[in-house]
Amino acid sequence: NIFINPRWNLNWLVKIGFTVFFAFMFLSISTCWNPWLIPDSSWRWWLAYRDAMSFRASHYFVSFMSEASAITAGLGATKVGLNTLWQLQVTQPHNIEVPRSLVEVVVSWNLPMHAWLKKYVFRQARKNFGSGVAVMATYGASCLLHGLSAQLSAVLLSLGLYTWVEHSFRLKLAKIMNASIETRRDTDSKYSNREGSAWVILVNLMFGLLAMFHLAYLGVMFDQSESSETGYSWTHTLSKWRNLSFCSHYVVGAMVVLNWII
């Protein structure tokens, strides 16, 4: 169908060029800039952020290259008036590196996979078992699709717990304070204190910094060690988290208690 009704134009070529450029920019950040800017002698939390950021940047490289290959094949074309625009998206790095919440991070990480899991796993499980079970079932399915890697499973299941607690806690706070501080932006204007309010911005910023802290902690084990070639073990994962005193899990545990209290 692509060749019978061709849709290629200058916008198509420009979109491919920019997408490939961004892909290799993130590849250079992952393999060159991060190790150079944050050397091995740095503070352990800087090292955690560096390793996690390198892993995320390598993911962006793969995502942008997959986006470029799909657009090259003619996918993602949208008619806007007389013009054909190319709007296919695989990932949104700005929502991950400067996050509003962990929920926003997991949505923006892989948009096609998020849509697939939401439609075929989350919604189906929620009908019969409720939201809590649906969240864990979704992350369980993601573990399976990632090949049941011990390290990835530990991260994904932790993310399942984190996002469920964060969503529940911030929803309660939003209702109590009548403010737009939920995990996702309030587009329906259902709260009196909206996104532009100074103190609402400050609260969302604090939660965003907390999400960045969790991302550094969860991604710390994806380093450039020899295990990256053969697969990481549970002991490698636990040793990395032990080096950071399991801080992130303790913070989420405290949030569970606060969520229960309110």
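Student: Is W260 buried or exposed?

Tutor: W260 counts as exposed, because its relative accessibility is 73%. Buried means under 20% relative accessible area, exposed over 50%, and partly exposed in between (1.4 Å probe, Shrake-Rupley method, protein chains only). This is a predicted model, in which local features need pLDDT of at least 70 and side-chain atom pairs pLDDT 80 or more, while totals for chains, interfaces and linings use all residues. Residues are numbered from 1 along each chain as its sequence is written, and side-chain values use heavy atoms, without hydrogens and water.

Student: Where is W260 found?

Tutor: W260 is found in helix 11. Helices are DSSP runs of H or I with at least four residues, and strands are runs of E with at least two, numbered from the N terminus.

Student: Which residues of helix 11 are buried?

Tutor: S248, V252, M255 and N259 are the buried residues of helix 11. They lie on the same side of helix 11, because they cover an arc of only 55° around the axis (taken from the directions from the axis to the C-beta atoms). An α-helix has 3.6 residues a turn, so residues three or four places apart point the same way. Y250, W260 and I261 are exposed on the other side of helix 11.

Student: Which residues form the nonpolar patch on the surface?

Tutor: The patch consists of I176, M177, W199, V257, L258, W260, I261 and I262, with about 860 Å² of accessible area together. Patch residues have over 30% relative accessible area and no salt bridge; nonpolar side chains are joined within 5 Å, like charges within 9 Å. Helix 11 gives the most to this patch, with 4 residues.

Student: How do strand 1 and strand 2 pair?

Tutor: Two strands pair if DSSP finds at least two bridges between them. Strand 1 (residues 77-80) and strand 2 (residues 83-86) pair in the antiparallel sense over 4 bridges. V80 stands opposite N83 in strand 2, and G81 in this hairpin takes a positive phi near 70°.

Student: How many salt bridges are there?

Tutor: The count comes to 8, each being a side-chain nitrogen of Lys or Arg within 4 Å of a carboxyl oxygen of Asp or Glu. One of them joins E195 and R100, with the closest N and O atoms 3.0 Å apart. E195 lies in the loop between helix 7 and helix 8 (198-218), and R100 in the loop between helix 3 (93-97) and helix 4 (102-109), so the pair ties together parts that are 95 residues apart in sequence. Both E195 and R100 are buried.
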